[in-house]
Amino acid sequence: MLKLRNLGILLVAVLLTISVSSCNNGKKKGKSEDKKEISIFYPNWAEGVAFTYLAKTALEANGYNVELTNLAPGMIYGELSKENSKGDVFLDAWLPNTHKDYWDNYGDKLVILGESFSEGTTGLVVPTYVTINSIEELNANKDKFNSEIIGIGAGAGIHANTLKAIDAYKLDFEQITSSGPAMVASLEKAIRDKEWIAITGWKPHFAWTQNDLKYLEDPKGVYPKDACTIISRRGFEKDQPKAAAFFKNFNLKEEQLYELMTAIKDKGEEAGAAEWYKTNKVLVDSWIK
């Protein structure tokens, strides 16, 4: 009888342990489901990096866990448009013009939340010491440019527009595909040597703050004006209404953005964004409240 009684007590203890464990697991699961987690996709463009790391810094300071993924722009649009997308937000969609092809393909499955920067421009850029002022003058000076336009990745909208410009202006030039950092390195080397160079440039970009540059006039209107637009997957606002409100309010003026980009260039993404956020905390936190 004593053995049976002990066995009964042991059985009750086991059942209680299982019951408590199940309750705890249930609580953990619920807590996990309630976690404030945001996944941001971004390209390797200076302003896109700046927007993204500022958003990450601000959101994490307000209790969110933020995951960043660096992808080519076409992949960003494609991934965000998926029904079970692993990403939530992209802060540097150049709309309505430069990324028109991406939007035509994926826009019906995406949501526009706001504008990270409202006055984006693109075009062919040269140092101010270059004595021509129009794209139409390039062919007459092609030897000085080695018949090259230094570009960025083939997936960027400005790359496609530059191919259109070469065709529209009948330019005897080749667009050299590289990356944003490689293009800037080529620009800075040419400026040091006082050589002529043409790049596929855009505003906002920190290169304008550190070099004397100018757009070549574009009389055919190949290069459009855009807003750096914040887009999300469908359902994001419903899942994360407070974070969605933050992205709707997120907007930087040109001077603010250049300060942020310069801080990031000088101190790195995490430290530069953290420094700028600390200095501008009242402004940035107002976007999330």
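**View 1. The buried residues of helix α9.** A243, A244, F246 and F247 are the buried residues to look for in helix α9, which spans residues 241-249. Buried here stands for under 20% relative accessible area, exposed for over 50%, and partly exposed for anything in between, with a 1.4 Å probe and protein chains only. These four cover an arc of only 155° around the axis, so they sit on the same side of α9; the arc is taken from the directions from the helix axis to the C-beta atoms. Helices (H or I, at least four residues) and strands (E, at least two) are DSSP runs, numbered from the N terminus.

This is a predicted model, in which local features need pLDDT of at least 70 and side-chain atom pairs count only at pLDDT 80 or more, while totals for chains, interfaces and linings use all residues. Residue numbers start from 1 along each chain as its sequence is written, and side-chain values use heavy atoms, with hydrogens and water left out.

View 2. You will find P96 in the loop between β3 (89-95) and α4 (100-106).

View 3. Between K203 and P204 the peptide bond is cis, and omega is about 15°. P204 belongs to the loop between β7 (199-203) and α7 (207-210).

**View 4. Positive phi at N146.** Although not a glycine, N146 has a positive phi, near 55°. This residue lies in the loop between β4 (110-127) and β5 (148-150), and N146 is exposed, at 57% relative accessible area.
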